[in-house]
Amino acid sequence: MVVTAIARWSAVITVVAVPVILAAQSPLLAYRDQIYIGAGFAGIFGMALLLLQPLLAVSALPPLKAQSARTLHRWSGVALLSCTILHILGLFITSPPDVVDALLLRSPTPFSVWGVIAMWAIFVSGFLAFFRLRLRHRVWRGAHLGLAITIVAATIMHAALIDGTMEPVTKIGFCIALGAVTVWVVVIKRGRVVRQKWANSRTE
């Protein structure tokens, strides 16, 4: 258990820290103002939180217990929503026309469309989470899972298509890790739970 915990936390920290450190050393930052830089790093930190979300959802980061992991999952979701708002607000302050064009889906840059898709999926997910207790559990789980997959896929496309401050190799590595973790949680971990429930119902 100790070895597993150390290995998983080390992997997560490495995957997150290396791209952030290299982005902070990007020569492109010299030509950007502070608000734009802050907006960019809000997006990077949001991606880091997005990597943690599925792992916390299935308690895959020992020694965190299930209840603690779920609590952190909710709070990291709030942090992700905050990072998204800061990212968009910072970009709007520095370049309102570009953000308006992106929101109206008339931007010539493909990464903007993927960013808007991810943004709306995050907002809708946060809205549903706020009213979670009023929703049926099955409806909540299905909607939340679908939105989570949309957020991850759109964020990966958004980040991969941007030629910005993130170092290209580590950025692609991070995107691959984010996609792999999401697939692992959704297909393998969740699938195992569903199969176990189905098997139990057959034996009852």
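User: Is Arg106 buried or exposed?

Analyst: Buried means under 20% relative accessible area, exposed over 50%, and partly exposed in between, using a 1.4 Å probe and protein chains only. Arg106 has a relative accessible area of 53%, so Arg106 is exposed. This is a predicted model, where local features need pLDDT of at least 70, side-chain atom pairs count only at pLDDT 80 or more, and totals for chains, interfaces and linings use all residues. Residues are numbered from 1 along each chain as its sequence is written, and side-chain values use heavy atoms, with hydrogens and water left out.

User: Which residue forms a salt bridge with Arg106?

Analyst: Side chains of opposite charge can pair when their charged atoms come close. A salt bridge here is a side-chain nitrogen of Lys or Arg within 4 Å of a carboxyl oxygen of Asp or Glu. Arg106 pairs with Asp101, and their closest N and O atoms are 2.6 Å apart. Asp101 is partly exposed, because its relative accessibility is 24%. The count by this rule is one salt bridge.

User: Why does Thr84 count as buried?

Analyst: Thr84 counts as buried because its relative accessibility is 11%.

User: What does Thr84 touch?

Analyst: Contact means heavy atoms within 4.5 Å. Leaving aside residues up to four places away in sequence, Thr84 touches Met119, Ile122 and Phe123.
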